[in-house]
Amino acid sequence: MHKLLLDCDPGIDDALAIALAAGSPEIELVGITTVGGNVSLDLTTANALALREFYRLGDVPVTPGSAGALLGAGVRAESIHGATGLGGVTLPAPVNGVADGHAVDYIIETLRSAPGEITLVAVGPLSNIALAVRREPRIVEWVRDFVIMGGSYTRGNHTPAAEFNIKADPAAASIVFDAGWQVTMVGLDVTLTAVVTESILDRMRSLGRLADLVVPISQFYGVVKADGGPAIHDAVAVAHVIDPTLLTLVPAVVNVETVGTYTAGMTVTDFKVEGRVPNAAVAVDLDVDRFWKLMLESYERLAARMA
């Protein structure tokens with residue numbers, strides 16, 4: 001059993017990642033914190049609340065956090081995720097509201113209360129995590145593992161150089177990578193191989209009420225074909241917590257470019273550590289078949305619970 005604290009910006013791929021956690025007996029979801037990213041903070045929080053109830057996650061607290069980047073205007077991705085963040089799908093309005101307080105305080109206190117027990121997974125901009133590190137540097141010692149979906153050592157998606165989550169708050173990402181812990185960086189290099197195909201979509205269509213969400217949002221990113229389709233990035237980070245053998249990780253030193261005219265948000269990755277202490281374990285390969293087996297089995301368990 002892995003205790004997981006998820007910092008996210010739902011978002012289509014966030015919704016699919018939360019479903020993976022919700023259907024996995026290996027995961028105890030201890031909290032969801034939200035950040036402005038794919039859409040504004042009020043929408044990411046509303047989506048997290050609606051997803052909590054739709055997936056029947058009970059009283060898992062949802063705590064809102066940072067609305068935007070530490071410096072500058074930040075970016076949004078409504079063109080990718082739709083105006084509300086869930087690709088045009090409207091979920092039932094949630095009955096219960098957010099937890100009291102701010103995500104940064106929730107992250108600190110949750111890790112403080114169970115040192116060495118909780119894995120922190122961040123699949124949105126790193127604004128909340130950076131503020132938590134600045135306020136309480138000891139969280140780097142209290143966390144069991146720290147995993148992000150973000151960055152890349154080969155390419156970007158929001159710009160040629162930068163992946164969206166890092167580009168949305170480069171200053172925060174720089175703070176996080178420099179905080180003195182090892183960041184497991186699950187970047188575009190592997191998440192772009194986790195694509196929805198026609199055969200996977202057919203499996204999803206049999207998921208009852210769950211299919212009403214996961215089928216349309218899986219297609220919203222792009223056209224699903226027999227041999228390829230849209231990638232569902234964030235779920236790969238959660239899958240790594242459930243089964244660490246899915247990813248091949250390589251130690252590296254990662255620095256975040258914060259001011260480059262063309263490269264702001266780039267995760268500059270040096271695999272030639274040469275005696276330095278690596279600050280990251282960078283994912284370079286994903287066992288795609290086993291990833292989808294894990295995903296679909298988890299979805300089937302969740303669908304049965306929702307029936």
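This is a predicted model: local features need pLDDT of at least 70, side-chain atom pairs count only at pLDDT 80 or more; totals for chains, interfaces and linings use all residues.
Tutor: Local features need pLDDT of at least 70 and side-chain atom pairs count only at pLDDT 80 or more, while totals for chains, interfaces and linings use all residues. Residues are numbered from 1 along each chain as its sequence is written, and side-chain values use heavy atoms, with hydrogens and water left out.

Student: Happy with that! What makes D9 a residue without a salt bridge?

Tutor: A salt bridge is a side-chain nitrogen of Lys or Arg within 4 Å of a carboxyl oxygen of Asp or Glu. For D9, the nearest side chain of opposite charge is R76, 7.3 Å away.

Student: Which backbone atom does the side chain of D9 reach?

Tutor: The backbone nitrogen of N38, at 2.8 Å. A polar contact is a pair of N or O atoms within 3.5 Å, where within protein one must be able to donate a hydrogen and the other to accept it, and residues adjacent in sequence count only if both atoms are side-chain atoms. D9 sits in the loop between β1 (2-8) and α1 (12-22); helices (H or I, at least four residues) and strands (E, at least two) are DSSP runs, numbered from the N terminus.

Student: How do you know whether R56 is exposed, partly exposed or buried?

Tutor: Its relative accessible area is 43%, so R56 is partly exposed. R56 lies in the loop between α2 (41-54) and β3 (62-64), and has a positive phi of about 60° although it is not a glycine.

Student: And what makes E274 exposed?

Tutor: E274 has a relative accessible area of 69%, and therefore counts as exposed. E274 too has a positive phi, about 50°, without being a glycine.

Student: Why is the span of α2 said to agree with expectation?

Tutor: The expected span is 1.5 Å times one less than the number of residues. With 14 residues, α2 should span 20 Å, and its end C-alpha atoms are 20 Å apart, so the two agree.

Student: Why is α2 called mostly covered?

Tutor: Ten of its 14 residues are buried, including L41, T44 and F54.

Student: What makes a set of residues a nonpolar core?

Tutor: The members are buried Ala, Val, Leu, Ile, Met, Phe, Trp, Tyr and Cys residues joined through side-chain atoms within 4.5 Å. The largest here has 68 residues, and F291 and W292 are among those touching the most other members. A second, separate core of 36 residues includes I107 and F146.

Methods. Buried means under 20% relative accessible area, exposed over 50%, partly exposed in between (1.4 Å probe, protein chains only). Lys and Arg count as positive and Asp and Glu as negative; His and the chain ends are not counted.
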